[in-house]
Amino acid sequence: MKIQKSLMAFVLAVVMLFTCVVPSFATTEEDWVELWESSNADAGIIMFVGSNESERNFSWYSSAEGENSVVISTNKDLSSPEIFKGTQFNSVEGSVVNKVTVTGLKENTTYYYKCLSPNFESKVYSFKTDGGAEFSAMYVTDVHITSIDDYNPNSLSDTSYRFHETVKDALSNNKNISLLLSAGDQATEGLESEYRAFTASDEMKGLSIATAMGNHDRKGAAYKDFKNVPNEDTEAFIRSYNGTDYWFVKGEALFLVMDSNSGNALAHADFVKRAVEANPQVKWRIMMFHHDLYSGRIPHRESENNLLRTIWGPIADEFGIDLVLLGHSHYYTVTDVLYKNERVEELKPEMVDPKGTIYAVSCSLGRPRDDDDVGLNDEWIGFDYLTDVATYFTLDFKADSVTVNSYELGKDAPIQTFTITKTTANGGHEETGFFISIKDVVVRFLGAVYTIFNNFNSYDDLKEHGYDVELSDFFG
């Protein structure tokens with residue numbers, strides 16, 4: 001840890017030189033208890049996003065090895081099904097992990113499915129694919145499913161139930177939601193039991209899920225087994241043990257889900273460049289990662305935030321990112337329109353071709369903060385809201401606009417609404433031609449060096465907690 005902090009200080013010093021549709025199965029606490037005790041909840045069934053709307057990636061746990069599959073059909077009774085077989089491996093905690101990819105899905109179609117593995121057959125669930133540019137998503141962060149709480153022996157069930165209630169609340173406000181975006185810290189200790197509980201709600205089984213890795217997900221080794229995501233970066237030599245960046249396309253939006261635990265800015269920028277070049281047809285570029293950049297209010301994190309801003313701000317600028325979804329601070333904030341880490345436009349309810357990027361933190365679903373002893377970074381923040389209630393955003397995508405609404409759990413009126421409209425594919429973003437300054441080159445190189453030392457620290461931490469990891473899991 002001392003090496004990590006010393007290197008961070010060195011990096012900052014150098015930077016300063018250069019900068020001079022599923023039915024609701026559980027609607028009451030009694031219903032929840034029944035669901036919680038079922039094998040379906042414990043299996044941790046989750047439907048991750050595919051590379052595009054024609055794919056879905058499934059993951060679940062089981063107790064025995066053997067053939068696994070997802071049976072899927074357009075008929076409710078699963079007649080005339082397609083059967084997709086998958087792979088298995090043993091998790092770091094001894095369970096059998098099942099992974100199945102379903103392909104060939106048609107747009108605007110309702111599908112019914114069940115998951116099969118030895119000694120396990122799930123209930124039948126359903127989901128509907130979208131078509132064209134229009135779709136709706138919900139975004140949450142810091143869900144913090146918690147398995148260890150000295151003051152609450154039922155914390156695993158209670159935190160899972162809170163998440164279930166939030167998803168159900170969002171679907172009641174916007175029945176068109178088909179995608180759930182979670183910006184990290186799905187779990188608190190990074191344990192398999194927490195990821196099983198993260199997926200327990202039947203409301204989740206009809207949504208495509210995309211998760212970013214938070215610092216708490218990194219505390220254990222189970223997140224690596226839990227996820228089943230498309231287009232992961234396989235070219236990064238320096239990476240986190242539990243995973244790396246990935247992308248997917250939905251409608252006319254490219255979603256870039258990044259690992260902000262890694263400071264390897266060289267790899268991050270290269271990954272985004274390849275993803276953007278592979279998807280020239282999209283109109284929207286949405287980025288999601290865990291660490292907050294601009295909110296302030298937590299003084300001891302400001303040195304970390306300075307480093308993160310020098311890494312991620314230039315990447316968002318270079319590749320014309322429209323909206324960045326964040327977490328970590330647990331404070332609700334939305335920035336003004338930023339470019340080169342400066343305010344170029346004020347955040348407004350209606351914005352046409354904004355000339356930069358908007359960064360948002362939806363507070364925290366699990367542990368919202370409403371204290372204000374220090375105050376905001378006023379030079380960047382366009383809107384903030386203090387609450388001790390779980391919050392979430394909904395995002396309504398259309399061909400030329402994205403409308404964002406935010407809600408407190410249990411309230412129908414939104415906290416905030418704003419719409420971004422783009423009249424051209426590039427909107428108001430500058431045509432940089434992927435040009436970067438010498439300063440950014442140096443910062444990205446130093447970020448890679450910092451990540452090497454950070455990975456050694458992570459390796460030591462996981463070893464101390466009894467995980468069977470190898471250094472080669474972090475490099476190569």
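**View 1. Lining of the largest cavity in the predicted model.** The lining of the largest cavity is made up of 7 nonpolar, 3 polar and 4 charged residues. Here Ala, Val, Leu, Ile, Met, Phe, Trp, Tyr, Cys and Pro are nonpolar, Asp, Glu, Lys and Arg are charged, and the others, Gly among them, are polar. Of the 14 lining residues, T211, M213, Y223, T244 and Y246 lie nearest the centre of the cavity. The volume of the largest cavity is about 80 Å³. A cavity is a set of points, on a 1 Å grid over the protein atoms alone, where a 1.4 Å probe fits but cannot get out, and lining residues have an atom within 4 Å of a point. Points are joined across faces, edges and corners, and the volume is the space filled by probe spheres set on the points.

Residues are numbered from 1 along each chain as its sequence is written, and side-chain values use heavy atoms, with hydrogens and water left out. The model is predicted: local features need pLDDT of at least 70, side-chain atom pairs count only at pLDDT 80 or more, and totals for chains, interfaces and linings use all residues.

**View 2. Confidence along the chain.** The average pLDDT (the predictor's confidence in each residue, from 0 to 100) of the protein is 89, and 91% of the residues score at least 70. Residues 1-26 have a pLDDT below 50, and this stretch has 46 contacts in the model beyond near neighbours in sequence. A contact means heavy atoms within 4.5 Å.

**View 3. T109 in the loop between β6 and β7.** T109 lies between β6 (96-102) and β7 (110-117); helices (H or I, at least four residues) and strands (E, at least two) are DSSP runs, numbered from the N terminus. T109 counts as buried because its relative accessibility is 16%. Buried means under 20% relative accessible area, exposed over 50%, and partly exposed in between (1.4 Å probe, protein chains only). A polar atom of the T109 side chain lies 2.9 Å from the backbone oxygen of E107. Such a polar contact is a pair of N or O atoms within 3.5 Å; within protein, one must be able to donate a hydrogen and the other to accept it, and residues adjacent in sequence count only if both atoms are side-chain atoms. Leaving aside neighbours within four places in sequence, T109 is in contact with T74, F127, K128 and T129.

**View 4. S260 in the loop between β14 and α7.** S260 is found between β14 (253-257) and α7 (265-278) and is buried, with a relative accessible area of 4%. The S260 side chain reaches the backbone nitrogen of H290 at 3.3 Å. Beyond four places in sequence, the contacts of S260 are F289, H290, H291, L308 and W312. The C-alpha atoms of S260 and W312 are separated by 8.7 Å, with the two residues 52 apart along the chain.

**View 5. H328 and H330 in the loop between β16 and β17.** H328 lies between β16 (323-326) and β17 (332-335), and H330 lies in the loop between β16 and β17. Phi is positive at H328, about 80 degrees, although H328 is not a glycine. Phi of H330 is near 70 degrees, a positive value in a residue other than glycine. H328 counts as buried at 6% relative accessibility, and H330 counts as buried at 6%.

**View 6. F474 in the segment after α9.** F474 follows α9 (438-464) and counts as buried, at 0% relative accessibility. Contacts of F474, not counting residues up to four places away in sequence, include F237, Y241 and Y459.

How values were computed. On a 1 Å grid over the protein atoms alone, a cavity is a set of points where a 1.4 Å probe fits but cannot get out, and a pocket is an open set with protein on both sides within 12 Å along at least five of seven lines; lining residues have an atom within 4 Å of a point.
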